[in-house]
Amino acid sequence: MSLLTADSSQLLIGGELRPGGGGTFETVNPATEEVLGQAPDADSADLDAAIGAARTAFDDTDWSRDHAFRAHCLRQLRTALQADAEALREITIAEVGAPLMLTRGPQLEGPVDDLEYAAGLAESYAWETDLGTASPMGIKSSRVLRREAIGVVGAITPWNFPHQINFAKLGPALAAGNTVVLKPAPDTPWCATSVGAIIAEHTDIPPGVVNIITSSAHEIGSALTSDPRVDMISFTGSTATGRAVMTNAAATLKKTFLELGGKSAFVILDDADIAAAAGFAAFSVCVHAGQGCALTTRLLVPRAAYEQAIEAAAATMGGIRPGDPTKPGTICGPLISSAQRARVEHYLSLARAEGGRIVVGGGRPAGLDRGFFIEPTLIADLDNGATAAREEIFGPVLVVIPHDGDDDAIRIANDSPYGLSGSVWGTDPARIDHVTSRIRTGTLGVNGGIWYSADAPFGGYKQSGNGREMGVAGFEEYLETKLIATAG
Ligand code: ADP
């Protein structure tokens with residue numbers, strides 16, 4: 001039976017699937033604007049129950065100490081998700097507007113597969129390290145360093161890659177021994193409630209270990225960040241909301257992991273194949289309609305090759321037609337909502353007002369009168385101080401800016417409040433090393449290299465966030481450190 005039925009979407013609280021105290025809210029297909037159905041609208045009593053269940057499961061069970069059992073549960077979850085992959089794919093394409101092609105990778109199959117990496121860590125991680133003996137203050141002491149789960153984790157996630165981000169939090173948080181309250185974005189509730197149903201019906205994950213709270217109101221997320229029973233918030237979303245999360249969490253001194261916005265630079269050095277590099281940059285910003293925080297949305301090109309790069313990028317972007325995400329060839333689907341499209345259009349009009357030249361795109365595609373589509377858009381003749389070059393647009397929009405050599409490119413790349421990702425293209429390894437070691441950013445691809453992987457930590461410098469997701473570093477975000485010293 002398809003998971004795509006309106007009545008099947010329920011909250012998961014304390015092991016039970018149940019309706020929301022606040023009734024329901026609509027979830028919409030962004031490619032057609034049709035209402036797909038209803039999602040449960042959690043109220044504050046539901047949130048209270050979910051946090052209570054997570055607290056009890058952490059405090060009163062052996063979940064956090066039974067590493068082998070957790071590995072078993074994560075593998076079971078992975079197998080159950082894989083068994084329901086086609087229904088999950090249908091939901092993901094319909095609710096997120098995610099191109100089918102991407103569900104074979106980061107929009108679904110990738111993150112589900114990566115639960116094995118989390119399970120493996122639960123089994124193989126060195127939970128205890130012998131520090132040997134020392135005699136501080138004359139007392140001989142043998143010291144053991146233990147790593148333990150932090151406790152109750154509040155996971156708050158956005159809509160752009162819901163499975164990737166939900167599992168990049170659930171996997172390591174659970175593998176590390178925590179219990180979780182997951183609050184997904186209001187735009188993509190079914191992606192999370194369908195996982196909740198699978199957890200409840202097909203896994204041995206104990207009641208309260210995972211709780212899933214969907215809500216139309218951002219206040220439920222805000223209340224999660226200030227609740228004293230929650231030990232840590234793992235948040236992915238905008239920098240503005242990340243700031244609010246950190247502020248709210250400060251009252252109870254919760255640990256916050258924050259993965260926020262980006263305005264990453266794609267740097268082409270003058271010894272690169274300019275047309276190939278510019279074409280690659282143009283293609284990558286169109287994937288999933290540019291709704292990715294790590295996309296390289298500023299293209300920095302040698303001044304002498306400025307028009308050549310514009311021509312190559314324009315040829316690529318002009319050839320990508322946004323369209324139906326269910327079609328195998330689509331890479332650029334719709335934006336998530338009319339509000340998001342209005343936001344992108346606002347940035348396009350600002351770019352024009354600030355003197356930008358729209359080389360291709362700049363509006364809604366002709367012939368698509370339903371769905372929140374926007375044309376891939378290339379903007380030239382702005383400098384790095386323009387709004388479109390400074391703020392995260394979250395649409396298929398690329399700003400091309402000339403540079404005057406490697407150090408000038410580094411200066412422009414770093415002239416941003418963000419530092420999430422980036423790309424460098426060139427042929428001389430020494431020059432590439434000079435540039436990669438000076439750009440202040442959490443991930444970098446060189447000549448098209450892909451940094452995204454379960455074992456590779458991802459996260460930002462500066463106002464792109466704190467901490468890392470995925471890899472051993474991402475797993476360790478969910479751990480406390482305990483030192484035990486025994487006399488003798
Ligand atoms: P976007 O602008 O991409 O929707 P947000 O950062 O606003 O991104 O939202 C990401 C997630 O944060 C969503 O689940 C949203 O409901 C939640 N959220 C929004 N405001 C707050 C807040 N003040 N505190 C906690 N979570 C919030």
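The model is predicted, so local features need pLDDT of at least 70 and side-chain atom pairs count only at pLDDT 80 or more, while totals for chains, interfaces and linings use all residues. Residues are numbered from 1 along each chain as its sequence is written, and side-chain values use heavy atoms, without hydrogens or water.

The protein contains 17 helices and 22 strands. These elements are DSSP runs numbered from the N terminus (helices, H or I, at least four residues; strands, E, at least two). Along the principal axes, the C-alpha atoms fill a box of roughly 70 × 65 × 40 Å. The radius of gyration is 23 Å, which agrees with the value near 23 Å for a compact globule of 488 residues. This radius is taken over C-alpha atoms, and the globule rule is 2.2 Å times the number of residues to the power 0.38.

Of the 488 residues, 57% are buried. Buried means under 20% relative accessible area, exposed means over 50%, and partly exposed lies in between (1.4 Å probe, protein chains only). The accessible surface comes to about 18300 Å². Carbon and sulfur atoms hold 53% of that surface. Areas come from the Shrake-Rupley method with a 1.4 Å probe; for residues, only the protein chains shown count as cover. Among contacts (heavy atoms within 4.5 Å) with a separation of 6 or more, 72% join residues 24 or more positions apart.

Helix α9 (residues 218-226) packs on helix α10 (residues 239-250) at about 40°, with the axes 7 Å apart. Axes are lines fitted to C-alpha atoms, for helices over the stretch in contact, and angles run from 0 to 180 degrees between N-to-C directions. The two helices, α9 and α10, are therefore oblique to each other. Angles under 35 degrees count as roughly parallel, over 145 as roughly antiparallel, 65 to 115 as roughly perpendicular, and the rest as oblique. From α9, S222, T225 and S226 meet V245, N248 and A249 of α10. The contact residues comprise 2 nonpolar, 4 polar and no charged.

Most residues other than glycine have a negative phi. N447 is not a glycine, yet its phi is positive, at about 50°. N447 sits in the loop between β19 (445-446) and β20 (461-462). Its relative accessible area of 37% makes N447 partly exposed. K462, also a residue other than glycine, has a positive phi near 50°. K462 belongs to strand β20. With 29% relative accessibility, K462 is partly exposed.

Notes
Nonpolar A, V, L, I, M, F, W, Y, C, P; charged D, E, K, R; others polar.
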